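Hi,

Here is the structure I said I would pass on. Have a look at it first, and my notes follow below.

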Amino acid sequence: MEREFAFGRPYQITVSVGVSSLELCSPTSIEELIEQADTAEITAKQTGKNKVVAAWDLN
């Protein structure tokens, strides 16, 4: 994202993404599935930004 959209411009773009999975995370509700993805996104931001973090790797 940064390379494609910010190249040569005076600002920086980063993308932090958290993903979860019904199969790999085994949530008990849709709310828990969303919470797992949110936690993964927060982890992505806190550990350097510009990355994707999978919720199933956090457990």
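**What I found**

The chain holds three helices and two strands (DSSP runs, H or I of at least four residues for helices and E of at least two for strands, numbered from the N terminus). Starting at the N terminus, their order is α-β-α-α-β. With a radius of gyration of 14 Å, well over the 10 Å that the globule rule gives for 59 residues, the chain is more spread out than a compact globule. That radius is taken over C-alpha atoms, and the rule is 2.2 Å times the number of residues to the power 0.38. The C-alpha trace spans about 45 × 15 × 15 Å along its principal axes.

Before you go further, some housekeeping. This is a predicted model, so local features need pLDDT of at least 70 and side-chain atom pairs count only at pLDDT 80 or more, while totals for chains, interfaces and linings use all residues. Residues are numbered from 1 along each chain as its sequence is written, and side-chain values use heavy atoms, with hydrogens and water left out.

On burial, 24% of the 59 residues count as buried (under 20% relative accessible area, with exposed over 50% and partly exposed in between; 1.4 Å probe, protein chains only). The largest nonpolar core is made of five residues, Cys25, Ala40, Ala44, Val53 and Ala55; a core here is a set of buried Ala, Val, Leu, Ile, Met, Phe, Trp, Tyr and Cys residues joined through side-chain atoms within 4.5 Å.

Leaving out residues up to four places away in sequence, Ala44 touches Ser16, Val17, Lys49, Lys51 and Val53 (contact means heavy atoms within 4.5 Å). Ser16 sits in strand β1, residues 16-19, and counts as buried because its relative accessibility is 14%. For the chain, 48% of contacts between residues at least 6 apart in sequence join residues at least 24 apart.

Then there is Asp38, in helix α3 (residues 30-46). Asp38 is partly exposed, at 38% relative accessible area. Between Asp38 and Glu23 there are 17 Å, C-alpha to C-alpha, with the two 15 residues apart in sequence.

Last, charges: 5 side chains are positive and 9 negative, and the centres of the two sets lie 15 Å apart. Lys and Arg count as positive and Asp and Glu as negative, without His and the chain ends, and each charge is placed at NZ of Lys, CZ of Arg, CG of Asp or CD of Glu.

Cheers
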